[in-house]
Amino acid sequence: MAKARIPGDDDAARPHPEAPEQPWALDEIDEQLILLLERDGRMSYADLGVEVGLTPGGARARVKRLQERGVVRVIGVTSPRAVGLQSIASLQIEVSGDIDAVADRIAAFEGVRYVVLGSGRFSILVEAYATSPSGLFSLINRQIREIPGVAHIETFLYDSVHTHRPIFPLGTGR
């Protein structure tokens with residue numbers, strides 16, 4: 001199933017070229033379109049239009065504007081275990097030195113799908129995937145741990161995913 005993406009929630013190289021400098025004002029129709037696309041990114045413009053009270057051309061124009069502004073990007077979402085990625089972990093990494101340089105090196109490894117920079121005890125949060133426990137061990141201990149500036153890694157292995165909500169609340173109170 002495809003879902004709408006929020007700027008900054010992208011595993012592509014940073015900075016995100018489509019990210020708006022400031023949040024765009026979304027009206028009720030924009031919000032409805034985003035919600036519908038999050039549920040089914042393959043929905044036709046005709047069906048979208050019926051749902052929100054627009055013509056197919058009107059729905060297409062609205063979606064295109066949302067895409068051009070970087071508010072939404074429709075992509076396919078893969079289930080990791082369905083494609084053989086059986087070992088998944090969250091890594092909390094303490095960094096000494098240049099956080100961007102460390103993050104860039106980590107992001108280049110096959111198996112790294114998500115890198116977040118933050119403040120506090122851990123400078124970087126990473127989500128890593130491998131086909132086996134030994135592959136995950138190698139990624140963490142023979143690749144990531146060897147990067148200059150990686151001071152400490154806390155590893156949290158995923159046994160199962162209890163809840164995953166790919167639909168983001170827009171927070172407008174509508």
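I began with the pairing of S3 and S6, and I found that these two strands run antiparallel to each other over 7 bridges. I note at once that the model is a predicted one.

Staying with this pair, I looked up the place of Glu-94 and found that the residue standing opposite in S6 is His-152.

Next I turned to the helices on the sheet. H5 packs on the sheet and touches S3, S4, S5 and S6, with a direction that makes about 15° with that of S3. I then followed H4, which lies across S3, S4, S5 and S6 and runs at about 170° to S4.

I went on to the sheet as a whole, which is open and built of 4 strands in the order S4-S5-S3-S6, with antiparallel pairing. At its edges I found strand S4 (112–117) and S6, each of which pairs on one side only. From one strand to the next, the twist averages 20°.

My next entry concerns the largest nonpolar core, which has 20 residues, and in which Leu-91, Ile-93, Ile-106, Ile-124 and Ile-144 touch the most other members.

Last, I recorded a second, separate core of 11 residues, including Leu-33, Leu-36, Leu-48 and Val-72.

Conventions
Residues are numbered from 1 along each chain as its sequence is written. This is a predicted model: local features need pLDDT of at least 70, side-chain atom pairs count only at pLDDT 80 or more; totals for chains, interfaces and linings use all residues. Side-chain values use heavy atoms; hydrogens and water are left out. A nonpolar core is a set of buried Ala, Val, Leu, Ile, Met, Phe, Trp, Tyr and Cys residues joined through side-chain atoms within 4.5 Å. Buried means under 20% relative accessible area, exposed over 50%, partly exposed in between (1.4 Å probe, protein chains only). Two strands pair if DSSP finds at least two bridges between them. Axes are lines fitted to C-alpha atoms, for helices over the stretch in contact, and angles run from 0 to 180 degrees between N-to-C directions. Contact means heavy atoms within 4.5 Å.
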